[in-house]
Amino acid sequence: MRASVAIRKANKATATELAGFVPATYEAGGHRFSISVSTASDLSKHERDQVWRLFEENMYDFYHTSSFGWNPQSKKLEMFDPRSRFIIARQDDACPSNIVAYTIFRFDREEYQDVVYCYELQVSKHARRCGLGRWLTLSLATIGANWGMEKVMLTVFKANQSALSFYTSAGFLIDESSPDHPANSGDQTLDTCDYSILSIPISS
């Protein structure tokens, strides 16, 4: 689908321009996190390795048993695509100060709407329960609002019940484009599809 004017403009934004809408720090539960915004090309090999390890730690089992299958080469191409943008959290009071959470997103055109598509939201086990995941999700909406996007979208495995509960509590609903949306009840893929597409409107 042809990119809109807003999508083309957003995709030209530098990491510095995007970072202007995201606070540089986040504090909760007695911990302080440094926040940075990067493009795929900004990341060092060490940072890419950390991003991948966290993804593999959290998602291997879900992918391995899903219709997507476990394909590291294909997944890395998706994650580190030139259009990918990263919001990264590092825990300041940890040594070393490694990446403990991140979201990967792109500005995409979906179903004739301009959206922030969240490709990944990963939080390490020891950095959970402090609101960091929800804060990253809100940051996507903030960025989207400032770049003329209409909603935040993402794909989630139905088997990942904790993620489904998290997104539901954050206000996400099944998107009309999802195979399991009631409007698509006549689709034969409904019974076999192992994922849902969720979305939440962005307030202008």
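Tutor: Arg90 is buried, with a relative accessible area of 18% (buried is under 20%, exposed over 50%, partly exposed in between, with a 1.4 Å probe and protein chains only). The model is predicted, so local features need pLDDT of at least 70 and side-chain atom pairs pLDDT 80 or more, while totals for chains, interfaces and linings use all residues. Residues are numbered from 1 along each chain as its sequence is written, and side-chain values use heavy atoms, without hydrogens and water.

Arg90 sits in strand 3 (DSSP runs numbered from the N terminus: strands are E, at least two residues; helices are H or I, at least four). The Arg90 side chain has a polar contact with that of Glu47 at 2.6 Å, and another of 3.2 Å with the side chain of Ser36 (N or O atoms within 3.5 Å, within protein one able to donate a hydrogen and the other to accept it; sequence neighbours count only through side-chain atoms on both sides). Setting aside neighbours within four places in sequence, Arg90 is in contact with Arg32, Phe33, Ser34, Ser36, Glu47, Ser97, Asn98, Ile99 and Val100 (contact is heavy atoms within 4.5 Å).

Now the charged pairs. The structure contains 11 salt bridges (a Lys or Arg side-chain nitrogen within 4 Å of an Asp or Glu carboxyl oxygen). In one of them, Glu78 pairs with Lys75, the closest N and O atoms being 2.5 Å apart. These two residues are 3 residues apart in helix 4 (residues 72-79), so about one helical turn separates Glu78 from Lys75. Glu78 is partly exposed at 29% relative accessibility, whereas Lys75 is buried at 9%. Lys75 also forms a salt bridge with Glu120, with closest N and O atoms 2.7 Å apart. Because Lys75 belongs to helix 4 and Glu120 to strand 5, this pair ties together parts that are 45 residues apart in sequence. Both Lys75 and Glu120 are buried.

Asp175 and Lys151 meet through their side chains in a further salt bridge, 2.6 Å from N to O. Asp175 is in the loop between strand 7 and strand 8, and Lys151 is in strand 6, so parts 24 residues apart in sequence are tied together by the pair. Asp175 is buried, with a relative accessible area of 4%, and Lys151 counts as buried at 11%. Elsewhere, salt bridges with shared partners join Glu27, Arg32 and Asp92 into one network; Arg32 is also among the contacts of Arg90.

As for the sheet, 8 strands form an open sheet of mixed pairing, in the order 1-2-3-4-5-6-8-7 (two strands pair if DSSP finds at least two bridges). Its edges are strand 1 (25-28) and strand 7 (173-174), each of which pairs on one side only. Strand 7 pairs with strand 8 (residues 195-201) in the antiparallel sense over 2 bridges, and there Ile174 stands opposite Leu198 of strand 8.

Helix 5 (residues 132-146) lies across strand 1, strand 2 (31-39), strand 3 (85-91), strand 4 (99-110), strand 5 (113-123) and strand 6 (151-157), at about 30° to strand 4 (angles run from 0 to 180 degrees between N-to-C directions of axes fitted to C-alpha atoms, for helices over the stretch in contact). Helix 6 (residues 161-169) lies across strand 5, strand 6 and strand 8, at about 160° to strand 6.
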